[in-house]
Amino acid sequence: MSGVRGGRIICDVVRLSRCDLERALELVHAASSAEGDEPFPPDVLESLARLVPGAAVGYYEWSLESHLMPSVAVETPVLPTPAEVAEARSELCSTYPLSIMRLSAARRPCRLSDFTSRRALHRLEYYDSVLRPFGIEHQLRLFLTAPPGLSRVFHFNRRSADGDFSDRDGGLLELLRPFLVAIRERFELREASGSNGANGLTAREGEILQWVARGKTNQEIAELLVVSSHTVRKHLENIYAKLGVHTRTGAVARAFAPLN
């Protein structure tokens, strides 16, 4: 878990149990296999909530310029946000210690108590207007890599009776972050691969070809998709046959020619 001391982020070494690691791997496998219109569907959020328990867990994508409402919001449980809370959250965002305006590029989990004391938190208008209506006293945020102007973030919330997040909680999320970043990138590629349907490619074939276009090897693609390199090779053979080419370069050129 990382903490803030003297203006510097300090990363502590956290020892995770075998059970924690096994459950983290199970989550990665489930999230990698998820389909649908959301990068992290509710069942993935529920698995995260079992790993890092809290009163609520959510995944959000925000515009850093216009952040009244997120463009993507997946929550468990689903908690409707009153209009006045949404407005206060937008207006006071920059005053919050875990503000997306300042921390969207953070590469490690950010625990609220590492940035401010509880007494100082309770003096904030943001606390009165945004956190207290939901009973939130402790929060942990995990930011994912995002394009400029956007924020992608997981929120983990706890009430006072739940206690603060531990170093173990932060250590687990730090371990999971690279996989969650890759899963979000895969979702983006799956959406883009839909444009390859005119070539007769399946969604999985289009996804693999997107990775090929990014310079990934068969083994790297296999690791990203949690399949064998043999499976990737067979998909590529099918792609070549459908596109009438014999090489990776030819497949990429043929599939993406209309986009150039």
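**Reading a sheet and a buried serine**

Q: Where does S104 lie?
A: S104 lies in the loop between α4 (100-103) and β5, where helices (H or I, at least four residues) and strands (E, at least two) are DSSP runs numbered from the N terminus. This is a predicted model, in which local features need pLDDT of at least 70, side-chain atom pairs count only at pLDDT 80 or more, and totals for chains, interfaces and linings use all residues. Residues are numbered from 1 along each chain as its sequence is written, and side-chain values use heavy atoms, leaving out hydrogens and water.

Q: Is S104 buried or exposed?
A: Buried means under 20% relative accessible area, exposed over 50%, and partly exposed in between (1.4 Å probe, protein chains only). S104 has a relative accessible area of 14%, so this residue is buried.

Q: Which residues does S104 touch?
A: Contact means heavy atoms within 4.5 Å. Not counting residues up to four places away in sequence, S104 touches L64, F143, L144, L150 and S151.

Q: In what order do the strands of the open sheet stand?
A: Strands of a sheet pair through backbone hydrogen bonds, either parallel or antiparallel. Here two strands pair if DSSP finds at least two bridges between them, and 5 strands form an open sheet in the order β4-β3-β7-β6-β5, with antiparallel pairing. Because β4 (72-76) and β5 (110-111) stand at the edges with a single partner strand each, one side of each is left without a neighbour in the sheet.

Q: What stands opposite L140 in β7?
A: L140, which lies in strand β6, stands opposite F156 in β7, and L140 counts as buried at 0% relative accessibility.
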